[in-house]
Every structure is written in C-alpha cells, then in structure tokens.
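Me: Hi! I'm new to this one and would like a friendly tour. Could you show it to me?

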Amino acid sequence: MALLVSILLSPVLVHAAWRLGRQQGRDRLEASAAARLLDTVLGTTRGWLWAVGADGRFTLSSRASAELLGYEPSQLLGRPCSVIIDLADLKAARKPSPHAGWEGLVLSIRHRGGHRVNVEVVGWPRSDGGGGRSGFEGIARPLVAYPAQSPEDLEIGARIDHLFAARTLMTAFQPIRDLGTGETVGAEALTRFVSSPFRSPDQWFVEADSIGRGPDLEFFALETALRAAVDLPGHLYVGVNLSPAACLDPRLSDIVRESGLPPGRIVVELTERSAVSDYARLTAALDPLRRAGLRIAIDDVGDGFASMRHILRLSPEVIKLDRTIVAGIDTNANLRALCAAMVSFASQIGACLVAEGIETPAELATVTDLGVDAGQGYLLGRPSVLPADWSHRW
C-alpha cells in the first residue's frame, strides 16, 4: 500500500518541485533586474542618495557623493555624518520633524577639499519595523554656489587658488633642543610662501580665514610639512601649527594617517587664529589621534589668557613659553619668577616645557638654571629649508 501511495504521489512532488524551482528562478531574475535598475539609478542620478543609522553613521551613499563631496561611497560608509556637516548647523537650519521628514531644507555641507557646497535636502525618518526610528534617509541635490561678496574676496581666492595649483609652498624646520643634554629632540615646521605677491605667513593665513578657506590653507601647509618631515632624522618629533578650527575638521585624521609618519612623532601646536567655543567638542575630535600617540602642544604661552585656558581644558603634553617671557629673562626678576612657576606647573601636570625665542647665551643659561626642559631659538638653531642641514646638523 505504501509503495502504491509513493508511486501515485511522485508525479505530484516532481511537478511541485519543478514549479518551485521555476518560481525561484523568476524571483532571482526579478531581483537581479531590480538590483541593476537600482544600481543604474544610484549611479546616474545627479542627486546624492544617502542614509544614516540611529548612531548618525552613514549606511548608504550613492556614487554621486564623489562628484558632490569628493568622497567615494566607501569612504563615507560607517563614518559619522559630522564628517560633512556640523550638527549645530543642521539644527539651526531646521529641526527635522519625526513625522514629515525634511522638505526643501537648504544646507551648506563640507566638501572633502574643505570648501562648502550648498545643497537642497529632502529626507525622512527610517523605521525599525517596531514603531521606533532607526535613522534618516533621503537625497541631496546641489544648488548654485553663492556669489563672491566683494572684489577683494575674489582677489584673495584667486591668490590662494594659484598657490594650490603652483604648489609654491615650502617647509623650514627649526630645531628644538633638550637643555639638559643639548641634543636635538624635535623640530618645528614653519611654512614659507614663495608665491608672489610677497606676504608674510601670518598674512596668508589671515586672508584665507577671511574668505572661509583658512582650514584649506592650513591642511595644505600640514601636508607639505609632513612630506618634508620624511627627510628628518627618525628620532625627532615634528611640531606642526594648527588652529582649533582645523583640529575639528575630519580631514585631519586622514592627513595624519596617510602621511606615513607614526602619530607618536607628530606634535600639534595649537595656535590662536580662531577661538575655542566648545572644549568638549575639541577634546572629542582630538582624542582618537591622541590615543594613537599624537601629542598636543599649547603655543605662545604667556602671550595671553587664552593659552592658559587651553592648558587647563586640554591637558597638553607640551607647553611652549612665548618669546615675551624669554626675552631679557636674565635681567628681569618678574620674568624669572613667572618662568619658575611654569616649570613647577608643567612638572605637576606631566608636560614638557619648551622656551621659545632663545637668542642670547644669558637667556639660555637662565632658562636652563630654572629647570626648563627644552629650548628653541636662533641661538640654538635657525630654521632651514635644506634637508642636508636637517640630517647632518641635527
């Protein structure tokens, strides 16, 4: 009986299996066609399709991100959306509605090259299937860039564009010496502009800041310095000057990673070209690099109150005394008392104290007697752009 049932059911089972296989084949073809269509849409639309998860990290990016933002999709996936937009700017533009999403939201987002790109964003919240929200998704379309504000801005922009195109930038290194042993322990990278018209480095950076391209120029100088630093003796650390605004820029970590120098050889000397409005944000931005070995120096200490606030909030590994404290310290009891206090303070927080602008034997003897760790200045070594000097003299 069982054999008879088996014989009778066999054609039915075979037919069912054939139908199932045929349906699966159709499903695969439809899925493949849908995938090809989606890939075509993602690849050809000028709008940038994106999605971020609940943690604010990109989970989807279409190929339009390369043209719009300078990032390939693979370079955005898994990274926080703050790489292209500050959340404060997003909230100031318009608060996203949890129900209606965003409609016609105009934003200024950050290109990988540092300049701003104006876009119109349409987006909506994503559901996790259980009634909760799991992030946002949408599309961003480029808008026409805003016109230059003045002929002066156009002229400054043209000078900077020419500088970038001609790459007329050089790096001079000035040695930093251990005052106990006299040995060179580091070198500060100093930017030298060889493009006409002649302007001092400070003028170049101030002008770039005035049209919103300060970080662009800082990163150009940083990349130039780190490339040149390859020719320095391997035991030296490299001090590079950056503003707080540049330290907040996500490009910094990429430049450090791609430089080929171990982060432990890099010391970021924090300048005061821009104020620090949010120390918690600055600390969070620098933490991953510091965990990798990069160190922070507070520059020009003694030249203003802001530098002391930087020290208290950022806990730097290096403190650099300004020339205003070092100049004439051998004949000024007040400067000696201030320097002695800084020696004690630096020791208690575990920071290395560096005296800048040492120009006379008397100044050198005084800061050494007071217990300053290291020194820098014309007496100890002038800046040089010649690799032969870096390798042989230091």
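Reply: Happy to, and let's begin with a definition: a disulfide is a pair of cysteine sulfur atoms within 2.5 Å. Keep in mind as we go that this is a predicted model.

Me: OK, by this rule, what does the count of disulfides come to?

Reply: The count is zero disulfides.

Me: And Cys339, how does that count in terms of accessibility?

Reply: Cys339 counts as buried, because its relative accessibility is 1% and the cut-off for buried is under 20%. Cys352, with a relative accessible area of 29%, is partly exposed.

Me: Let's zoom out. How many helices and strands does the protein have?

Reply: There are 15 helices and 13 strands. The protein has 394 residues, and 43% of them are buried.

Me: What about the accessible surface of the protein?

Reply: That comes to about 20,300 Å², and carbon and sulfur atoms account for 57% of it.

Me: And which share of the contacts joins residues at least 24 apart?

Reply: If you take contacts between residues at least 6 apart in sequence, the share is 58%.

Me: Now some helices. At roughly what angle do the axes of H6 and H7 cross?

Reply: Helix H6 covers residues 201-210 and helix H7 covers residues 214-228; their axes cross at roughly 140 degrees and come within 7 Å. An angle over 145 would count as roughly antiparallel, so H6 and H7 are oblique to each other.

Me: Which residues make that contact?

Reply: From H6 you have Trp204, Phe205, Ala208 and Asp209, and from H7 there are Gly214, Leu217, Glu218 and Ala221. By type, the contact of H6 with H7 has five nonpolar residues, one polar and two charged.

Me: Moving on to H9, which of its residues are buried?

Reply: In helix H9, residues 251-258, the buried ones are Arg251, Leu252, Asp254, Ile255 and Val256.

Me: Speaking of positive phi, what is the value for Asp300?

Reply: Asp300 has a phi near 60 degrees, which is positive in a residue other than glycine. Asp300 sits in strand E10, residues 295-301, and counts as partly exposed at 28% relative accessibility. Ser315 is not a glycine, and its phi is also positive, about 50 degrees. You'll find Ser315 in the loop between helix H11 (305-314) and strand E11 (318-321).

Me: Back to glycines. Where is Gly70?

Reply: Gly70 is in the loop between helix H2 (64-69) and helix H3 (73-76). With 25% relative accessibility, Gly70 is partly exposed.

Me: Which residues does Gly70 touch?

Reply: Leaving out residues up to four places away in sequence, Gly70 touches Ser65, Gln75, His111 and Arg112. His111 is 41 residues from Gly70 in sequence, while their C-alpha atoms are 6.1 Å apart in space.

Me: Last one: is Leu335 buried or exposed?

Reply: Leu335 is buried, at 16% relative accessibility, and lies in helix H13, residues 333-349. Not counting residues up to four places away in sequence, Leu335 touches Thr324, Ile325, Ala327, Gly328 and Ile329. For Thr324, 11 residues away along the chain, the C-alpha separation from Leu335 is 9.0 Å.

Note on methods
Residues are numbered from 1 along each chain as its sequence is written. This is a predicted model: local features need pLDDT of at least 70, side-chain atom pairs count only at pLDDT 80 or more; totals for chains, interfaces and linings use all residues. Side-chain values use heavy atoms; hydrogens and water are left out. Helices (H or I, at least four residues) and strands (E, at least two) are DSSP runs, numbered from the N terminus. Buried means under 20% relative accessible area, exposed over 50%, partly exposed in between (1.4 Å probe, protein chains only). Contact means heavy atoms within 4.5 Å. Accessible areas come from the Shrake-Rupley method with a 1.4 Å probe; for residues, only the protein chains shown count as cover. Axes are lines fitted to C-alpha atoms, for helices over the stretch in contact, and angles run from 0 to 180 degrees between N-to-C directions. Angles under 35 degrees count as roughly parallel, over 145 as roughly antiparallel, 65 to 115 as roughly perpendicular and the rest as oblique. Ala, Val, Leu, Ile, Met, Phe, Trp, Tyr, Cys and Pro count as nonpolar, Asp, Glu, Lys and Arg as charged, and the others, Gly among them, as polar.
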